[in-house]
Amino acid sequence: MSTTNPQSDTQLDEGPRRSRWSRRPAEGTPAAAARARRRSRQRRRLANVAALMAGLVLTGALYSTLAPGAQAADEGSESSAEAAGRELYERSCISCHGENLEGVPNRGPSLIGVGEAAVYFQVHTGRMPLVRQEAQAPDKPAIFSDEEIDQLMAYVQANGGGPVLPSGDLRDGDLALGGELFRLNCASCHNFVGEGGALSSGKYAPSIEDANDLEIYSAMLSGPENMPVFGDNQLTAEEKRSIINYIQTITDMPDPGGAGIGRIGPVGEGLVIWLVGVSALLFGIFWMGSKA
Amino acid sequence: MARTATAPGAPTTRLGKTALEVDDRLIVAGPLRRTLNKVFPDHWSFLLGEIALYSFIILLLTGTYLTFFFQASMTEVVYDGSYAPLRGLDMSIAYASTLDISFDVRGGLLIRQMHHWAALLFVASIVVHMLRIFFTGAFRRPRETNWLIGVALLVLALVEGMTGYTMPDDLLSGTGLRIISAIILSIPVIGTWAHWAVFGGDYVGELIVGRFYIVHVLLIPAILLGLIALHLLILVKQKHTQFPGPGRTEHNVVGNRLFPTFAGKATGLLLVVFGVVAALGGLVQINPVWLWGPYNPAQVSAASQPDWYVMFLDGSTRLFPAWDIYLPGNYNIPALFWPTLVLPGILFTLLMAYPVIERKLTGDTASHHLLQRPRDVPVRTSLGVMAISFYLVLLLSGGNDVIADKFDISLNAMTWIGRIGLLIVPPIAYVLTYRICLGLQQHDREVLEHGIETGVIRRLPHGEFIEVHQPLGPVDEHGHGQLAYGGAPVPKKMNQVGGARRAIRGFFSPIEEPTAVELEQRGEDRGLAPAEPQRELTTSGRPAEGGRPAEGGRPSEGGRPSEGGRPQEPRD
C-alpha cells in the first residue's frame with residue numbers, strides 16, 4: 001500500500017538517509033549508482049511495511065486498553081440477546097439509523113421509542129434493511145432469521161422502549177365488528193378487502209393478503225411508512241384482533257362467484273368484459289361470417 | 001309456415017289446415033311471406049348490433065328473476081343470513097336481499113352475475129356497433145333518425161346501468177351514489193332543487209333506492225324496449241346498408257333471406273351471446289357485494305370506481321383542475337360541474353349532431369345505401385379515431401389509481417400523463433390516421449393501375465430488373481389497368497385472385513367437400529380454364545335469382561372489381 005504512495009515515501013525517508021544516499025553516487029559509476037538506487041528503493045519499501053505494522057499494533061493496543069473501559073458501563077445490564085442484536089444492528093442498520101439509534105438526517109429515522117413492534121414489522125416483512133432510498137420501502141423476503149429478528153427486537157426495545165408485540169391468539173375477535181372497523185379505518189387506503197391501493201407520489205398502501213397476524217398487528221401498533229399509528233387508545237387490543245380475524249377470514253375465503261379477478265372491482269371487470277367478453281363475441285361473429 | 005301459405009290447393013295436412021284457418025281470420029300470410037323473404041346483407045360487422053339486442057334480452061330475463069327476490073327498501077335491518085362476516089351488522093333491506101340472492105337463493109348468484117356481465121356487454125356492444133355505423137358512414141341520409149335513436153339508446157343504457165349499480169346499497173354503490181348526489185348539487189342555480197327532487201331531501205334519505213328501482217326496472221326498460229323496436233322497424237323499413245361490391249347498387253340489397261339463412265344465423269348468435277354471458281357469470285366473479293360491505297357514509301374505499309361505461313367521467317373528474325368559481329353573494333360553481341356535466345353534455349351533443357355536421361360540411365345531402373370504407377373518408381375516420389383516443393385517455397384516467405398501483409407508477413405522474421395526453425394524443429391520432437388512410441387509398445389505386453405484385457423478378461436483356469405485376473383487368477397500351485376504384489376491397493395478393501391452390505374453406509371445420517376442391521385443383525394443374533366456369537357458378541348466385549342452395553354460394557362476399565377474379569375471403 002505504502003509503496004505506491006509517493007507522499008508517504010518522502011515523509012518517512014527524509015532526513016539522515018537522504019544525506020547518506022547523496023554521498024553514494026559520488027563513489028562509483030552510473031551503473032553502480034543505478035544499482036544503489038534500486039537497493040535503496042527496496043529498503044524504503046521494507047521500512048514502509050515495518051512502519052505500517054507498528055502503527056497497526058499500536059492502534060490495536062490502544063483500542064484494547066481504551067475501548068473495553070468505555071463499554072464497561074452498560075455491559076452489565078445487556079443480555080446476550082441484546083448484545084447479539086447490537087452486533088446485527090451495527091452490521092446492517094447503523095449506516096442509516098446512527099450509532100445510538102438516533103437516526104441519520106436524510107437517510108433513516110430515529111429508532112428510539114419505536115419499540116419491538118416496529119422492528120418486527122419492518123424486518124419480518126423484509127422492508128428493512130432497505131435496498132435503496134425510494135418513495136417507499138417495498139416488502140421482500142426477510143433477510144434475517146426469526147432468531148436474529150428477536151435479537152434485533154431485544155436490542156431496540158432495550159434502547160428507548162416502545163410498543164411491544166402482543167401475545168395469544170391474534171384472531172380472537174368479533175368477525176363482523178372487524179369488518180366494520182376495517183372498512184372504517186383501513187379500506188380508504190388498503191381497498192375493500194386489503195388489496196392495496198395507490199397513494200400520492202409513488203407511495204402506496206400495500207396488499208395485506210400475504211401478511212401474517214403478527215405483521216398486521218405490529219403494523220397497526222407502529223404505523224410504518226405512511227400508515228397512521230393505531231395505538232390502543234384508537235383501537236383496543238380486542239378491536240385489533242377483530243380486524244385481523246376479518247382480514248384473514250376474507251383472505252382465506254374462496255370466491256363463490258368464480259375467478260376473483262383481483263377483487264379490485266370495476267376496473268378489472270371492465271378489462272374482462274372487453275378482453276374476454278367482447279373479444280370472444282367478435283371471434284364468434286368472424287366465425288359466423290365465414291359460414292355461408 | 002311459409003310453405004302452407006304458398007300452397008296453391010287446399011292443404012292436406014293437419015298443420016296446413018290449422019294455418020289456413022288462422023290465415024282466414026287474421027290474413028297474415030302475405031305480410032309474413034314478405035317478411036320471411038326479406039333479404040339481409042351479410043357481413044360480420046352487421047352482427048354487432050345484434051349482440052346488443054341479445055344482451056338486452058338476457059338482461060330482461062335475468063332481471064325479471066332478480067326482481068322476485070330483491071327488495072328495494074332502505075329500511076335498516078340486522079343481517080342474519082348465511083354470510084358470516086356480515087352477520088349481526090345493521091344494513092338496508094336492499095343490501096340484505098342482495099346478499100340473500102347471492103347466498104341463499106338457488107341460482108341467485110349466477111343470475112346476478114350474468115345480469116351484471118350482460119349489462120357491461122350491452123353497453124360495450126352498443127359502443128362497438130356505433131363505431132361500425134360511424135366509420136362506414138351508415139348514419140348518412142336517410143338513416144339520421146336511427147342514429148339519433150341509437151345515441152339515445154346509448155345514453156339510456158348508461159343511466160340504466162348507473163341506477164342498477166346503485167341499487168344493492170353496498171359500500172361501492174353508495175360511494176357512487178354520493179358522487180351522483182354531488183354532481184347534481186354542482187349544477188348552477190337549480191342544483192339544490194334538482195337534488196331535492198331526486199333524493200326527496202338531503203343525501204341520502206330513505207327514498208332513493210326505491211325510486212331508482214322503479215326507474216331501473218320499469219321506466220328505462222320500457223323506453224329502451226320501445227326505442228329498440230323503433231330502431232329495428234326503421235331498419236327494416238329503410239333496408240340495411242351494404243358494402244359496395246359486384247352486383248350491389250344503391251337500389252338493391254344483396255344477401256340472405258330472413259328465413260331460413262338469416263334466422264338461423266341470428267338464432268346461433270343469440271345462443272353464442274347467451275353462452276358467453278353464462279360462462280362469464282359462472283366463472284368470473286363480478287361485483288362481490290359481500291366483500292364491499294353495507295353502505296355507511298363514513299366509510300369509503302380506495303379504488304371506488306364506476307362500471308367501465310361511466311369510468312370516462314370519473315377520469316375527466318380526476319384530470320380536471322380544481323377550478324372552483326366564486327361569484328359574489330357567497331355563490332360558487334364547483335369544479336365538479338365541468339368534467340361531469342358539461343363535458344358529457346358536449347360529447348353527446350356532438351355525437352348526436354354528427355350526421356348534420358357532416359352534411360353541412362360536405363354538402364352531401366343525397367341518400368346513401370352503400371357503405372364507405374373508412375379509408376375512403378379520411379377526415380371522418382381520423383375524427384373518429386381522434387374521439388376514440390380522447391375517450392381512451394379519459395377511460396384509463398378513470399382507473400389511474402389501480403394502474404398506478406399495479407404498475408408501480410406514481411399516481412401524480414398518472415394524473416399528469418392523463419392531462420397532457422388528453423391534449424396531445426388526439427391530434428397525433430388524427431394526423432396518423434389521416435396519413436394511414438391516404439396511404440391505403442394510394443395503394444389501392446396503385447394496384448388497380450399496375451396490378452398485383454407477384455414477387456417474380458425478371459431480368460431484362462439490358463440488365464434491368466423488374467418485378468412482374470399481374471393486372472387485375474384489361475390494360476391500355478402503356479400496360480396500365482383501366483379499372484376504376486369502386487369503393488370495394490382490391491385484391492392485393494396473388495392468392496386472392498387464384499394465384500395459389502384453392503384452400504378448403506371453413507373456420508373450424510371444412511364447409512366444402514375436400515374431394516371437390518381437390519378435383520378443382522387437379523383441373524387447375526392442367527390449366528386455369530377448366531376451373532373457371534365452375535368457380536363462376538359458385539359465386540354468382542343471387543337471391544333474386546331464386547335462392548340457390550347454400551353450398552359455397554356466398555353472394556354477399558364481394559370485393560372483386562372485375563370479372564374473373566376470385567371472391568374475397570370474408571375477413572379482408
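This briefing goes through selected features of chains A and B, grouped by topic. The model is a predicted one. Chain A has 292 residues, with 12 helices and 2 strands. Over all chains, the structure holds 15 salt bridges.

**Chain A as a whole**

- Along the sequence, the elements of chain A come in the order α-α-α-α-α-α-α-α-α-β-β-α-α-α.
- Of the 292 residues in chain A, 39% are buried.
- Among contacts in chain A with a separation of 6 or more, 59% are between residues 24 or more positions apart.

**A covered helix in chain B**

- Helix α5 of chain B runs over residues 93–103 and is mostly covered, with 8 of its 11 residues buried.
- The buried residues of α5(B) are Ala94(B), Tyr95(B), Ala96(B), Ser97(B), Thr98(B), Leu99(B), Ile101(B) and Ser102(B).
- The cover over these buried residues includes helices α4 (48–67), α6 (108–136), α10 (208–238) and α12 (289–292) of chain B.
- Strands β2 (76–78) and β3 (90–92) of chain B are also included in that cover.

**Surface patches**

- In chain A, a patch of positive charge on the surface gathers Arg35(A), Arg37(A), Arg38(A), Arg39(A), Arg41(A), Arg43(A) and Arg45(A).
- Arg37(A), one of these residues, lies in helix α3 (residues 30–75) of chain A.
- Arg37(A) counts as exposed because its relative accessible area is 51%, and exposed means over 50%.
- In chain B, a nonpolar surface patch of about 870 Å² is made by Trp416(B), Ile420(B), Leu423(B), Ile424(B), Val425(B), Ile428(B), Leu432(B), Ile436(B) and Leu440(B).
- Ile428(B), one of the residues in this patch, is in helix α17 (residues 411–450) of chain B.
- The relative accessibility of Ile428(B) is 46%, so Ile428(B) counts as partly exposed.

**Salt bridges**

- Side chains of opposite charge can pair when their charged atoms come close.
- Arg183(A) and Glu180(A) form a salt bridge, with their closest N and O atoms 2.9 Å apart.
- Both Arg183(A) and Glu180(A) lie in helix α8 (residues 175–185) of chain A, 3 residues apart, which is about one turn of the helix.
- Arg183(A) is buried at 0% relative accessibility, whereas Glu180(A) is partly exposed at 21%.
- In chain B, the side chains of Arg25(B) and Glu21(B) meet in a salt bridge at 3.1 Å, N to O.
- Arg25(B) and Glu21(B) are 4 residues apart in helix α2 (residues 14–26) of chain B, so about one helical turn separates them.
- Arg25(B) is exposed at 61% relative accessibility, and Glu21(B) is partly exposed at 41%.
- The side chains of Glu358(B) and Arg380(B) meet in another salt bridge, at 2.8 Å, N to O.
- Glu358(B) lies in helix α14 (residues 337–362) of chain B and Arg380(B) in helix α15 (residues 378–398) of chain B, so the pair ties together parts that are 22 residues apart in sequence.
- Both Glu358(B) and Arg380(B) are buried.
- Arg373(B), Arg375(B), Asp444(B) and Lys492(B) are linked in a network of salt bridges.

**Backbone details**

- Arg141(B) and Pro142(B) are joined by a cis peptide bond, with omega about 10°.
- Pro142(B) lies in the loop between α6 and α7 (144–166) of chain B.
- A cis peptide bond also joins Phe259(B) and Pro260(B), with omega about 5°.
- Pro260(B) is found in helix α11 (residues 258–283) of chain B.
- Asn191(A) is not a glycine, but its phi is positive, near 75°.
- Asn191(A) lies in the loop between α9 (187–190) and β1 (197–198) of chain A, and is buried with a relative accessible area of 0%.
- Glu225(A), also not a glycine, has a positive phi of about 50°.
- The place of Glu225(A) is the loop between α10 (213–222) and α11 (237–252) of chain A, and Glu225(A) counts as partly exposed at 36% relative accessibility.

Terms used: Residues are numbered from 1 along each chain as its sequence is written. Chains are lettered from A and ligands numbered from 1 in the order in which they are written. This is a predicted model: local features need pLDDT of at least 70, side-chain atom pairs count only at pLDDT 80 or more; totals for chains, interfaces and linings use all residues. Side-chain values use heavy atoms; hydrogens and water are left out. Buried means under 20% relative accessible area, exposed over 50%, partly exposed in between (1.4 Å probe, protein chains only). Contact means heavy atoms within 4.5 Å. Patches are made of residues with over 30% relative accessible area and no salt bridge: like charges are joined within 9 Å, nonpolar side chains (Val, Leu, Ile, Met, Phe, Trp, Tyr) within 5 Å. Accessible areas come from the Shrake-Rupley method with a 1.4 Å probe; for residues, only the protein chains shown count as cover. A salt bridge is a side-chain nitrogen of Lys or Arg within 4 Å of a carboxyl oxygen of Asp or Glu. Lys and Arg count as positive and Asp and Glu as negative; His and the chain ends are not counted. The place of a charge is taken as NZ of Lys, CZ of Arg, CG of Asp or CD of Glu.
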